Amino acid sequence: MDLFVTVFYCVLDPASGTLRYANGGHNPAYLRRANGTIEALSGTGGLVLGAMGGIKYPEHAEQLVAGDRLVLYTDGVTEAFNQTDEAYGEERLIAEIQAHGAGAAPELVERICRSVAAFADTAPQSDDITLVVLSWDRVAPAVQ
Amino acid sequence: MNVRIETIGQTTARNSQRAGIRFAPCALKPAVREVFDLSGFSRIIALHPGRTTALAHAQPGKA
């Protein structure tokens, strides 16, 4: 069978708050900055894993600062359909992150889950729904 | 839904290659194009604006 998976792979340095990542065909992760602005992390469009060998994935980096929230999700979130076959979509997800991202990570996960469930209502779930939210509240140490 | 489009595209591309047939998708609707772009398939499968260029690309002997 021709199967493939998407991957968002990241390594966070807890000392510096530097997030290094690569993206293989996965949806863009969202970064909600402490000031409320939301950025879709660049670096999307890398090939999914399992389609072809020998593909190189460029490394990207973002500097997290206190108050930032990183939101990772599978497309089961944005492609949760309602009874009229409308997708939940990025805009609703971004609106939830915007409205509830100031709090701690568990609250934002809960808010998004509830929003998706309310949207899909009784429509059957079309894909797996996975959410990971990282709260970064550490103030970077002063440069020596 | 994305998975279905991607799987169809990938399987078609692979089967075409095996059979010596060129796969040249064209005139993708924006939502479908987005799936090809996000999944990275548009990096390995040439997409064409219209049928004319797709057919030209699919001609035997073309690079």
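Predicted model: local features only at pLDDT ≥ 70, side-chain atom pairs only at ≥ 80, totals over all residues.
I start with helix H2 of chain A, residues 89-100. With twelve residues at 1.5 Å a residue, H2(A) should span 16 Å, and the end C-alpha atoms are 17 Å apart, so the two values agree.

Now, which residues of H2(A) are buried? They are A:Leu93, A:Glu96 and A:Ile97. Their arc around the axis is only 100°, which puts these residues on the same side of H2(A). As a reminder, an α-helix has 3.6 residues a turn, so residues three or four places apart point the same way. On the other side of H2(A), A:Glu91 and A:Ala99 are exposed.

What covers the buried residues of H2(A)? The cover includes three strands of chain A, S3 (30-32), S4 (38-40) and S6 (68-73). It also includes two helices of chain A, H1 (75-78) and H3 (105-120).

Next, the sheet. Three strands of chain A form an open sheet in the order S1-S2-S5, and the pairing is antiparallel. Strand S1 (7-13) and strand S5 (60-63) stand at the edges with a single partner strand each, so one side of each has no neighbour in the sheet. Ignoring direction, neighbouring strands of this sheet are turned by 25° against each other on average.

Last, one pairing in that sheet. Strand S2 of chain A, residues 18-24, pairs with S5(A) over four bridges in the antiparallel sense. Opposite A:Arg20 stands A:Ala61 of S5(A).

How values were computed. Residues numbered from 1 in each chain as written. Chains lettered and ligands numbered in written order. Expected span 1.5 Å × (residues − 1). Buried ≥ 20, exposed ≤ 12 C-beta atoms within 10 Å, placed from the backbone. Arc of directions from axis to C-beta. Contact = placed C-beta atoms within 7 Å. Pairing = 2+ DSSP bridges. Axes fitted to C-alpha atoms, helices over the stretch in contact; angles between N-to-C directions.
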